[in-house]
Amino acid sequence: MKRLSSACAAAALLLTAGAALPARADAARDAILTAYAAEAQREDSGFTGFDAARGRALYMGPHTGGKAETPACATCHTPDPTRSGQHQKTGRSIDPMAVSANPARFTNATDVEKRFSRDCPAVLGRACTAREKGDFITYLTGKP
Amino acid sequence: MIRIPALTAAAAVLCLSALPGLANEMERVPPVTHPATQKECGECHMAFQPGLLPAQSWNRIMDGLADHFGDNASLPADAVADIRAYLTANAGRGDGTLLRITEQRWFVHEHRKRHLGNRAKSFADCQACHQDAARGLYEDD
């Protein structure tokens with residue numbers, strides 16, 4: 001827990017310093033991933049690292065267990081994460097998830113956690129594990 | 001809205017006086033000025049202006065964020081208190097037993113001849129038809 005909160009604090013600090021600079025944004029995202037890695041290690045001692053292919057599978061679905069209208073993250077975030085998505089129910093446009101298209105992605109630990117805690121149950125019917133969160137961010141950070 | 005000749009205007013006034021009289025007030029609604037409301041209530045849809053609902057409706061919405069029209073929109077208690085205070089202090093008029101803006105009498109009346117078509121998925125997506133909705137401007141479409 002200690003490492004998690006210090007990583008979050010580091011991310012918050014970096015953000016207040018100005019996320020506009022890509023280098024700072026990258027550092028903030030790295031800090032979030034480092035915190036998830038520590039948590040994944042605690043959840044599963046066999047954890048060896050995040051994997052973009054698993055992240056892609058989580059993103060694309062289809063999954064069962066959540067709401068029938070939202071079988072995948074891609075339902076709202078679109079199958080092409082470099083493009084703008086659309087909220088399945090309200091129609092509201094959602095900025096691209098791929099970091100290549102939207103460098104501000106995954107740079108605020110509180111916002112990232114808040115959305116995982118809402119969106120994972122809606123799609124999977126359960127919370128995401130720390131490994132899944134890290135896989136997801138790894139996929140979207142690496143996506144050209 | 002377009003300027004209309006006196007006669008039509010008189011007729012319009014007559015018709016409108018049969019309504020709650022709210023639609024005209026709603027042409028320009030003061031925009032959201034509270035950063036927390038803008039951020040937390042502007043993710044899944046536009047952050048609706050506090051003047052679009054009466055305080056009782058806002059209170060009920062803020063009481064039920066865990067099941068918010070089928071979505072989980074929960075927030076930490078301090079954020080809920082902060083946003084509730086802003087929304088209720090700047091609330092408008094209407095029927096407090098109705099949770100939705102789109103169910104309020106003025107809204108239904110104003111949109112009775114409007115169809116979603118392929119412009120919007122839901123009437124709650126104000127911006128799909130009202131370009132300046134985020135600034136509280138609903139007078140033109």
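User: Why is B:Arg112 called partly exposed?

Analyst: The model is a predicted one. In it, B:Arg112 has a relative accessible area of 48%.

User: What makes B:Arg112 part of a patch of positive charge?

Analyst: B:Arg112 gathers on the surface with B:Lys113, B:Arg114 and B:Arg119. Lys and Arg count as positive, and a patch takes residues with over 30% relative accessible area and no salt bridge, with like charges joined within 9 Å.

User: Why is A:Thr107 called buried?

Analyst: Its relative accessibility is 5%. Buried means under 20%, so A:Thr107 counts as buried. A:Thr107 sits in the loop between strand E2 (93-94) and helix H5 (109-124) of chain A.

User: Which atom does the side chain of A:Thr107 reach, and at what distance?

Analyst: It reaches the backbone oxygen of A:Ala104, at 2.6 Å. A polar contact needs a pair of N or O atoms within 3.5 Å, and the 2.6 Å distance is inside that limit.

User: How do you know whether A:Phe106 is buried or exposed?

Analyst: A:Phe106 has 7% relative accessibility and counts as buried, the cut-off being under 20%. Its place is also in the loop between E2 and H5 of chain A.

User: What makes the phi of A:Phe106 worth a remark?

Analyst: The phi of A:Phe106 is positive, about 55 degrees, although the residue is not a glycine. Most residues other than glycine have a negative phi. In chain B, B:Phe69 likewise has a positive phi, of about 50 degrees, and is not a glycine. B:Phe69 lies in the loop between H3 and H4 of chain B and is partly exposed at 33%.

User: What is the peptide bond from A:Gly61 to A:Pro62, and what is its omega?

Analyst: That bond is cis, with omega near -5 degrees. Most peptide bonds are trans. A:Pro62 is found in the loop between helix H3 (52-60) and helix H4 (73-77) of chain A.

User: Why do B:Glu43 and A:Arg115 count as a salt bridge?

Analyst: Their side chains meet with N to O at 2.4 Å. The rule asks for a side-chain nitrogen of Lys or Arg within 4 Å of a carboxyl oxygen of Asp or Glu, so this pair qualifies.

User: How do you know that the pair joins two chains?

Analyst: B:Glu43 lies in the loop between helix H2 (35-40) and helix H3 (55-63) of chain B, while A:Arg115 is in helix H5 of chain A, so two chains are joined. B:Glu43 has 23% relative accessibility and counts as partly exposed, and A:Arg115, at 24%, is also partly exposed. Both residues belong to a network of salt bridges, whose other members include A:Asp111, A:Lys114 and B:Lys39.

User: What makes B:Arg84 and B:Asp63 a salt bridge?

Analyst: The N to O distance between their side chains is 2.8 Å, and the limit is 4 Å. This pair links distant parts of the chain, with B:Arg84 in helix H4 and B:Asp63 in helix H3 of chain B, 21 residues apart. B:Arg84 is partly exposed at 23%, whereas B:Asp63 is exposed because its 57% is over 50%.

User: How far apart are the closest N and O atoms of B:Asp132 and B:Arg135?

Analyst: They are 3.3 Å apart, which is within the 4 Å limit, so the two form a salt bridge. B:Asp132 is partly exposed at 25%, and B:Arg135, at 51%, is exposed. Over all chains the count is 17 salt bridges.

User: How many helices and strands does each chain have?

Analyst: Chain A has six helices and two strands, in the order α-α-α-α-β-β-α-α from the N terminus. Chain B has six helices and zero strands. Of the 144 residues in chain A, 40% count as buried, and in chain B buried residues make up 35% of 141.

Definitions and conventions. Residues are numbered from 1 along each chain as its sequence is written. Chains are lettered from A and ligands numbered from 1 in the order in which they are written. This is a predicted model: local features need pLDDT of at least 70, side-chain atom pairs count only at pLDDT 80 or more; totals for chains, interfaces and linings use all residues. Side-chain values use heavy atoms; hydrogens and water are left out. Helices (H or I, at least four residues) and strands (E, at least two) are DSSP runs, numbered from the N terminus. Buried means under 20% relative accessible area, exposed over 50%, partly exposed in between (1.4 Å probe, protein chains only). A polar contact is a pair of N or O atoms within 3.5 Å; within protein, one must be able to donate a hydrogen and the other to accept it, and residues adjacent in sequence count only if both atoms are side-chain atoms. Patches are made of residues with over 30% relative accessible area and no salt bridge: like charges are joined within 9 Å, nonpolar side chains (Val, Leu, Ile, Met, Phe, Trp, Tyr) within 5 Å. Accessible areas come from the Shrake-Rupley method with a 1.4 Å probe; for residues, only the protein chains shown count as cover. The place of a charge is taken as NZ of Lys, CZ of Arg, CG of Asp or CD of Glu.
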